[in-house]
Amino acid sequence: MAVFVRNRESAQPEGLTTSLRKSLSTTATPIRTAETAQPRPRRSIVVLVLVLGTLAATGPLSTDLYLPAFPAIAEDLGATEAQISLTLTSAMIGLALGQLIIGPMSDAWGRRKPLLIGTVIFTVASLLCMFVPSAPVFIALRFVQGMAGAAGAVISRAIARDHFEGDDVARFFSRLMLVTMLAPMLGPILGAQLLLFGPWQLSFAVLTGVAVVSLVLVYFFLPESLPAVERRPLRPAQLWSTMWSLLRDVQFMGPVLTLSLVFAAMFTYIANFSFVSQNEFHATAQGFALMFGINTVGLLIGTQLNGYLIGRVTTTRRLVGGLVGSLISVTALAILDFANGAGMVSITVVFFMLMFSVGFVFPNATTLALTSQSPSVAGTASALMGTLQFALGGGLSTLATMTATGTVTLNSMAVVMVAVTVVAAVVFVIAHRRAARYAT
């Protein structure tokens with residue numbers, strides 16, 4: 001199957017090596033060495049997956065590890081549910097803004113330097129979160145933590161794009177998500193067990209330790225992947241020109257907006273269901289963590305099945321399958337809520353199906369977006385994608401808390417999740433048709 005993606009002003013086959021793509025491009029860009037274009041040894045790929053997986057998993061772990069402790073944190077700091085939920089939202093906003101800054105920096109300075117600086121700041125912020133005196137201070141520190149954690153999120157994608165082309169990108173992202181998804185799967189379970197041994201601050205002590213491990217891995221096991229000859233000067237005018245070009249590119253923005261809106265649906269569940277499960281369904285912190293872990297297994301299965309289907313089913317069709325599954329699951333959630341038939345078992349089944357479907361949406365939307373661009377702008381493209389993802393995810397998920405009582409409910413969650421998923425499907429259809437007309 002011949003799948004074509006756009007490299008600036010020219011179109012080349014998806015499977016071309018980086019050096020050939022750049023030699024054919026109408027834009028004068030440096031050509032990679034033959035060494036860079038050669039297949040990487042299997043052991044090297046395994047090490048790359050483990051290192052980048054640890055980096056990419058640190059952000060989700062900082063999100064999920066303390067979820068079971070939300071009610072305990074609210075009581076300890078004398079804060080409302082909305083204020084504690086805002087600590088999660090502020091981290092998402094920090095992740096969004098941080099990626100927008102760090103991504104272009106990595107295109108200009110290389111991948112290692114911004115990654116090391118970001119990891120150091122993340123470690124310090126995680127340590128300080130153990131000693132917060134109030135909710136506002138906690139919210140501010142989480143914002144800093146999110147900005148610093150953006151380095152791992154945005155640069156890990158850019159490094160993958162530095163090394164791989166075409167279906168190899170999708171295959172690598174599926175492997176990467178196998179490692180990355182262990183964090184959200186184990187995070188709430190570990191966080192709930194930590195509450196049995198001590199206060200909620202233990203979660204941030206563990207997070208500090210993970211950050212230190214990430215720093216060691218980056219320093220000793222992650223060489224620079226962007227040669228100096230391929231780096232782009234960090235000039236505001238050029239950066240704006242690149243950003244504007246990406247924003248107008250339907251082949252890039254279609255998959256990015258689709259991913260971001262589906263992420264908003266998933267994040268509405270992540271950010272709010274801790275309160276709903278314990279307040280409406282009277283689940284314990286451990287019960288919530290078990291349910292959360294089961295649903296994350298669904299995401300893990302989805303990503304690995306997606307990897308198996310690479311080469312058998314096109315990237316676009318795999319993405320469509322994930323969108324259809326997401327629509328069915330959020331619709332089932334709304335029906336259960338409307339019919340007063342929701343319980344922990346039925347809700348777990350619905351969220352399992354949603355997470356399984358998201359396992360198809362994320363890697364395929366990421367692949368379609370990043371492979372439509374040259375590796376020389378991979379950091380900027382990854383930054384814009386991450387910024388929109390976390391800005392929409394963090395922003396739209398807060399709509400579920402805007403109820404008459406100010407308390408999130410299953411009903412408010414269902415309304416937001418259905419709305420954003422429907423919009424994601426509409427955006428994908430419109431973008432796909434426009435991209436098809438452009439290609440013709």
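## A helical chain and its packing

The chain has 17 helices and two strands, where helices (H or I, at least four residues) and strands (E, at least two) are DSSP runs numbered from the N terminus. This is a predicted model, in which local features need pLDDT of at least 70 and side-chain atom pairs count only at pLDDT 80 or more, while totals for chains, interfaces and linings use all residues. Residues are numbered from 1 along each chain as its sequence is written, and side-chain values use heavy atoms, with hydrogens and water left out.

Of the 440 residues of the chain, 56% count as buried; buried means under 20% relative accessible area, exposed over 50%, and partly exposed in between, with a 1.4 Å probe and protein chains only. The accessible surface of the chain is about 17600 Å², and carbon and sulfur atoms hold 70% of that area. Accessible areas come from the Shrake-Rupley method with a 1.4 Å probe, and for residues only the protein chains shown count as cover. Among contacts (heavy atoms within 4.5 Å) with a separation of 6 or more, 84% join residues 24 or more positions apart.

Two helix pairs show how the elements pack. Helix 5 (residues 81-109) and helix 16 (residues 378-397) have axes 7 Å apart and an angle of about 170°. Axes are lines fitted to C-alpha atoms, for helices over the stretch in contact, and angles run from 0 to 180 degrees between N-to-C directions. Helix 5 and helix 16 are therefore roughly antiparallel to each other, since angles under 35 degrees count as roughly parallel, over 145 as roughly antiparallel, 65 to 115 as roughly perpendicular and the rest as oblique. The residues of this contact include Met92, Leu95 and Leu100 of helix 5 and Leu384, Phe390 and Gly394 of helix 16. By class, the contact of helix 5 with helix 16 has 10 nonpolar residues, 10 polar and one charged. Ala, Val, Leu, Ile, Met, Phe, Trp, Tyr, Cys and Pro count as nonpolar, Asp, Glu, Lys and Arg as charged, and the others, Gly among them, as polar.

The second pair is helix 12 (residues 250-279) and helix 13 (residues 285-309), whose axes come within 9 Å and cross at roughly 140°. These two helices are therefore oblique to each other. In helix 12, Tyr269, Ile270, Phe273, Ser274, Ser277 and Gln278 meet Ala285, Phe288, Met291, Phe292 and Asn295 of helix 13.

The loop between helix 12 and helix 13 holds His282, which has a positive phi of about 55° although it is not a glycine. His282 counts as exposed, at 66% relative accessibility. Asn340, in the loop between helix 14 (315-338) and helix 15, is likewise not a glycine and has a positive phi of about 55°. Asn340 is exposed, with a relative accessible area of 73%.

Leu368 lies in helix 15 (residues 344-370) and is buried, with a relative accessible area of 17%. Leaving aside neighbours within four places in sequence, Leu368 is in contact with Gln251, Pro255, Thr315, Thr316 and Leu319. Its C-alpha atom is separated by 9.9 Å from that of Asp167, 201 residues away along the chain. Thr421, in helix 17 (residues 410-439), is buried at 1% relative accessible area. Beyond four places in sequence, Thr421 is in contact with Ala265, Ser326, Leu327 and Val330.
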